[in-house]
Every structure is written in structure tokens, then in C-alpha cells.
Amino acid sequence: MIPVCRLEDLPEGESVRVGTNPPVAVFRTDDGELYAIDDTCTHQDASLSEGWLEGCLVECPLHAASFDLRTGMPTCLPARRPVRTHRVTVDDGVVHVHLAAEEGSAA
Amino acid sequence: MRTVTVVGASLSGLYAARELRAQGFDGRLVIVGDEPHPPYDRPPLSKDFLTGRAGEAQLALTDAGETAELDAEWLLGIRARGLDARGRTVLLDDGRTVSTDGVVIATGASARRLAGDGLAGVHTLRTLDDARALRVELTRGPRRVVVIGGGFIGAETASSCAALGHAVTVVEAATLPLVPRLGAEMAAVCAALHRRRGTELVTGVSVAALHGTVAVTGVALSDGRVLPADVVIVGVGALPNTAWLAGSALALHDGVLCDDGCVTALPQVVAVGDVARVGGVRAEHWTSATEQPRVAVANLLAGRTVESARTVPYFWSDQYGARLQFAGRRQEGDTVRVAEGAIVDGAPAEDGFLARYEREGRTTAVLSVDRPRSFMRARRELVRSEGRVRPAAL
């Protein structure tokens, strides 16, 4: 369980990158839901935390691949492989990420 | 339409094949590629592939599952050498012909060459085979590398060579690299990135000759200097692969001439990617190669132009640890304003910047260095405002 930030420091529609290895991106959607996925696009080296958040989809800032935050599945090319998703909780006002077990990669 | 032939097993060729199936074409699909490789992504060749961070598996654009779903006949390692006047027969260099109802031209472009570049140690960087050969040479210990041409391929390759520990000089014939792309002011700022890794940038001189008998030993410049070199990389642009279309009914002029919907002079022949001059513009951009096929295929299947492929141009470049992104249509005389971040001593600040090109109070283009999030926002604004200024139906 990794503390990320205080909930009020992550406004709706924003995201934050966690410097784990591999790094994780935490999103707070416009509806207030929290999601965490692997930060690096499965297509090429780009940070999804810097992507465009729309609903439960994030668009990669480099080549416009899009991922569903709920499942990690790519919704369009050029990405073909999913990103891992991670559980997020809020404890005492602090956002935490629970890294998915290291059971190989999502590829 | 019973048979469609995609000529070019490239990024845009593969995207066209995908679109054909996605848009309901269930006939015979033939894909012809002159390289022996299945479709692969070229941008990493000058970057992660060259430095060894990425292998060939990571370049693949498709996999066995998708290939099976596409249900195409792949003719790889075979060059198309002609298209008949009606656009109904593709001639192959092994003597075979493919009778077809529709054609997607996706033959791309080839690296422009220099006289005398047949010497050992002289490379271009366009194909996987080019990159393989260069990579082998760059793993034999420190080399003196001269890169001819300071454009994106030249700068990225120079950056990768510097990262591998080689001594690198970039020779650019113009007074600055990338001026036509970025304008003089921002071109100067981006040229300063070369200094980050100690690459020497020589500008305003052209190459007079390559020295050497079997292997290259140096690059003679127009000002009389000779730069000693073990490896020379020629990055002086690319020419569209249209020679095979001589004798066809298609209009060729620095590319295959198409309307705004990628449709050529023949309604059942469309062109996409680097080889296509769409609505007067030939953009050698990865994004164009991935966006045009959807429109081209829609028009091909409709038998006439029902959709326009005009989008806001976008390209990126990774060099010297910096990520450059540019979108829009810059014009001569646009003013440039740094809207975020800063330029320090004529170079991008450590945390980058975002610059807007402006004309009459409107943003015409944006350039960012290491500001992907702001860039993405600005690029979307551009797309939206262009939608307002130019109705989609052109």
C-alpha cells in the first residue's frame, strides 16, 4: 500500500504520477472516482498521467492510444496490450495505491 | 468490390487493411510489401532501437491473432513495379500480376541518398535493415560519427549516437536545422538541445564529398574542412516512392496527387501516408499515416469522396532527453510567444516550455518541449478552433 497524496490535492479531472517501479498513474475522474493504472503506455514510452482524461478513458499524450481506467484495456490503436490496474483506497483523507501482485506483466 | 490490394506493408498500409475489415469489406485482401518484414513501427528506429532499449519484437505493429483476423494474402519481399492505366492490375517484380477492384497506395518514401554513399560506414536510417546495420556498427566501440542533416532523423540519430558514447558532429547545410518546420526563432532554441550531450553542430556548410576508398574516412565540407569519420549517417530527407506508378493514370508530383479525401485521379485508387499528397500537402508524419486510412477506405468503399482527411498536423521528436511536440499550421510571419515555462540562454529550460505561434490573435500552431500535458490541451484547442474556422466538408 503506497500513500499517494491527500484527496483534496487531487481535484476531479486530475491525475498524479507515483514514482514506483514501474510508475503508476492515479486518476480522479470528473465523477470523483479514483483509478490507478500503470503509467507507461503499452505502445511506446509516454506517461499516461499526462494524458487526456475523459470519463473513464485516458488518452496517451504522444500517440492518442486510449485506455479504460476500469479495466486497463486499450480502446483504440496504436496500443494493443492492456495496462495493469491497481486498487485505490482513501484512508484518513489520504489516497493509497495497492499495487497489483507482481504476477508477470499485463502483456 | 471483390478484391482490394494494399501496396505497402507499412504503418499506413496496415491501418488501411484494418480499416477495410472494420468498415465491412469482406472480399479478398492482398497486401504487397517490398521489405521482407511484417509491418513495423519506424519512429523507434532512430531512438530506442538504435540505443538497444527496444528490440525488434517491440517494433511489431501487429501480431499473429490480428494477422489471422485480417485474413489477408501477404506478399512480402515483393516489390510492386506497376499499375495499369485502369488501375485494375498491380504488376509485381516477380512477374506475377494481381487483378484488383480497388487499390490502396501506401508505398511510403525512401531515404534520399548522397553521391558516393556506397562506401562502407555510410548509412541511411529509414528501414529496419538500415537500423540493424547501423546498430551493429555502433556497438564496436567508440566511433567518430558525422551525421549529415540536422532534421528530426539527423537530430534523433545524433542524440542516440551520443548516448552510446560516440563523438558526434552534425552537419547542416542551412544556417539552422528545422527552420521550415519551426521557424527561425524556435529552430534556434531546439538546435541548442544538441549542446546538452556535447554534440557539435556545424551549420551553413554543405558536404562536398565523402572521403575513403573502401570505407569512409572523412566528410569534406564546402568550406574546405574535412571532418574525420568512421561512421557517416545521411539524414537529408526522403523521396516518395512513386517510380512504380509511372505509366499509370495517376498524377504524380512529389507524391501521388489526391483530393482532400485521399482519392487519386482514379476513384477506386486511394493513397495514404508518406507517399500521398493529400489536398496539396504531403506530410511525412506518423499521425497522418494512421489517420488518413480511415477516410481513404471510406471513400474507396463509397466509390467517391464522401469524407475529408484534413486534420491538424502533429509530429513529435525525442532527442537529447527532451520531447518536442508540434501541432498546427505555422505560417511565415507568425509571432511566437512562450506561454509556459521558459527559454534559458537560448535553450529550453530544464522543465521545458510551451510556445504559441499566433496570427491576428489566433493560435496557428503550438510547440512544446517536455510539456506533454499542456501541449495536449493546446493541441485539442487547435483542433476545435480549426473545426470552427474550416467546416469539415472541404
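Predicted model: local features only at pLDDT ≥ 70, side-chain atom pairs only at ≥ 80, totals over all residues.
Let me start with chain B. How many helices and strands does its secondary structure come to? Eight helices and 25 strands. Now the overall dimensions. Along the principal axes, the C-alpha atoms of chain B fill a box of roughly 60 × 55 × 40 Å. The radius of gyration is 22 Å. A compact globule with 394 residues would come out near 21 Å, so chain B agrees with that expectation.

What about the inside? Of the 394 residues of chain B, 44% count as buried. Look next at contacts between residues at least 6 apart in sequence. In chain B, 62% of those join residues at least 24 apart.

Now the core. The largest nonpolar core has 125 residues. Which of them touch the most other members? They are Ala16(B), Val104(B), Ile148(B), Val232(B), Cys262(B), Val272(B) and Ala296(B).

Take Ala16(B) and set aside its neighbours within four places in sequence. Three of its contacts are on that list too: Val104(B), Val272(B) and Ala296(B). Ala16(B) is also in contact with Val6(B), Ala106(B), Pro293(B) and Val297(B).

On to the domains. Chain B is divided into three. Domain 1 comes in two pieces, 3-110 and 238-302. Domain 2 covers 113-234. Domain 3 covers 321-389. Going back to Ala16(B), its partners Val104(B) and Val272(B) sit in separate pieces of domain 1.

How far apart are the centres of domain 1 and domain 2 of chain B? Taken over C-alpha atoms, 30 Å separate them. The contact between these domains takes twelve residues from domain 1 and 13 residues from domain 2. On the domain 1 side, helix H2 of chain B, residues 48-51, gives the most, with three residues. By class, that side has six nonpolar, four polar and two charged residues.

Now chain A. UniProt, in an unreviewed entry, places the feature "domain: Rieske" at residues 2-97 of chain A. Over that stretch the chain is 0% helix and 45% strand. The end C-alpha atoms of the stretch are 5 Å apart.

Last, where the two chains meet. The contact takes six residues from chain A and six residues from chain B. What classes make up the chain A side? Four residues are nonpolar, one is polar and one is charged.

That is the tour. Questions, please.

Key:
Residues numbered from 1 in each chain as written. Chains lettered and ligands numbered in written order. Contact = placed C-beta atoms within 7 Å. Nonpolar A, V, L, I, M, F, W, Y, C, P; charged D, E, K, R; others polar. Helix = DSSP H or I, 4+ residues; strand = E, 2+ residues; numbered from the N terminus. Rg over C-alpha atoms; globule rule 2.2 N^0.38 Å. Buried ≥ 20, exposed ≤ 12 C-beta atoms within 10 Å, placed from the backbone. UniProt positions renumbered as here; feature names shortened; annotations may be inferred. Core = buried A, V, L, I, M, F, W, Y, C linked by C-beta atoms within 7 Å. Domains from an automatic or database assignment.
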